[in-house]
Amino acid sequence: MSEHAISVRNLFRYFGTLKAVDGVSFDVPHGSVCGFVGANGAGKTTTMRILATLDYPTMGGAEICGINVVNHPDKVRSLIGWMPDHFGNYEHMTVLEYLDFYARALGYRGAERRARIEEVMGFADLVPLADRLSNKLSKGMTQRLCLGRALIHDPQILIMDEPAAGLDPRARVELKHLIRLLAEEGKTIFISSHILSELGEMCDSLLFINAGRIVHHGDAESLKQGSDAAGGAYYDVQVLGNPQAVSDWVVLNPDVEVAESRKRGSRIRITVNDPEKSAEVLRRMIRDGLQVVEFHREQRNLEDAFIDILGKIEQGNAQAAVLPVTHHG
Ligand code: ATP
C-alpha cells in the first residue's frame with residue numbers, strides 16, 4: 001500500500017497571473033480525516049478539483065494512493081468519491097433514478113447495481129426519498145443524495161468540498177454523523193469548510209490555506225495550545241448598561257483587542273498571556289467606570305488560532321515590505 005492516501009507536492013495552479021494554488025505540499029495518511037480550511041478564494045476548491053482529476057496543475061503534482069492524478073485519472077477516479085460544492089441537478093429524475101443513472105455510468109449491472117444503490121440509500125437515509133424529484137429536495141436532502149452518489153463505487157477516499165455549507169443545524173449534525181461513520185469504516189476523508197469549530201471536532205488534522213499557500217498543518221488540540229503561549233488570553237466581559245462601552249474602552253487601551261462583540265459586552269483578547277496582566281486590565285476597566293458584572297477566561301478556539309496565524313503572516317509581509325532593498329553588483 002502507498003504511504004499516504006493523498007500526497008501533494010509543490011502544487012501550483014495559476015489562472016493567468018492569479019496564483020490560486022501557490023506551491024502547496026501536504027500528505028493525508030490512510031484512514032484519517034483531514035479538514036481543509038481557508039477564507040473564500042484561498043484555493044481550496046482549486047486544490048480539490050485537481051485531486052479529483054477535474055483540473056490540471058500548472059506545475060507540481062499530486063497522488064492518490066501513490067497514483068499520479070494527471071497521468072492516471074481513470075485509476076484515481078475509481079479510488080475517490082467526490083462531493084463538489086455545487087450539485088448538478090437533473091430535472092424529472094427521482095432520487096432512485098438519479099442513483100441508478102450513476103451506478104450504470106460506473107459500470108454496475110444487474111443485482112450488483114441494485115445492491116450498491118440499496119446500500120448507499122440505506123447509509124445516507126435516502127430510502128424515504130426514493131420517489132422524490134432530485135431537483136426538488138431540501139439542501140440537507142440534496143447533500144445526502146450527493147454523498148450517496150459519491151459512495152456508489154465504495155471509494156477508499158472521499159473528497160468533500162464544503163459539504164456543510166448552507167445546511168441547517170439538524171442537517172449539519174446528520175452529515176457529521178455520516179462522516180463519522182465513514183471515518184470509522186476506515187475511509188480517508190478530505191473535507192473543506194469554513195466552520196472551524198465543527199471541523200475541529202471531527203478531524204484528525206487541519207490544513208490551513210491562505211492565498212494559495214499552506215500556513216499550518218496540525219491537529220486541532222496542538223493548534224489551540226500551540227498558539228496559546230504567543231496568542232494572549234481571551235476573556236468574556238459583560239457590563240451593565242451599553243454593551244458597546246467595552247469595545248469603546250478597548251480602542252483607547254493598549255494590549256487589549258475586541259475578538260467579538262456580544263449582547264452584553266465583548267469577548268476580548270489580552271495580548272499578553274499572564275494573569276497579572278489580566279488583573280491589571282480588569283482594574284483599569286473598573287477605574288475607568290465600566291460596570292463589569294462578568295469577567296471570565298474563555299478557551300482559545302480554532303477561529304482564534306486561525307486569526308493568529310493570519311495575523312503573523314500579515315506582520316511578516318509588512319516587515320518584508322519595509323526591509324531595505326539590497327543592491328548587488
Ligand atoms: P471558496 O471558499 O470561496 O470556495 P476557495 O478557497 O475554494 O474559495 P478557489 O475556488 O480555489 O477558492 O479559488 C481560488 C482563486 O482562484 C480565487 O481567486 C478564484 O477567483 C480563482 N479561480 C478559481 N477558478 C478559476 C477559474 N476557472 N478561472 C479564473 N480564476 C479562478
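Analyst: A term to start with: two strands pair if DSSP finds at least two bridges between them. Strands (E, at least two residues) and helices (H or I, at least four) are DSSP runs, numbered from the N terminus. This is a predicted model, where local features need pLDDT of at least 70, side-chain atom pairs count only at pLDDT 80 or more, and totals for chains, interfaces and linings use all residues. Residues are numbered from 1 along each chain as its sequence is written, and side-chain values use heavy atoms, with hydrogens and water left out.
User: OK, how many bridges join β9 to β10?
Analyst: There are 5, and the two strands run antiparallel. Leu207 sits opposite His217 of β10.
User: And what's in the turn of that hairpin?
Analyst: The hairpin has 2 residues between β9 and β10, and Ala211 in the turn has a positive phi of about 45 degrees.
User: In which sense do β3 and β9 pair?
Analyst: Parallel, over 4 bridges. Gly35 stands opposite Leu206 in β9.
User: Switching to α11: which residues are buried there?
Analyst: Lys277, Ser278, Val281, Arg284 and Met285; buried means under 20% relative accessible area, exposed over 50%, partly exposed in between (1.4 Å probe, protein chains only). Down the axis of α11, those buried residues fall within an arc of 120 degrees (taken from the directions from the helix axis to the C-beta atoms), so they line one face of the helix.
User: What's exposed on the other side of α11?
Analyst: Pro275, Glu276, Arg283 and Arg287.
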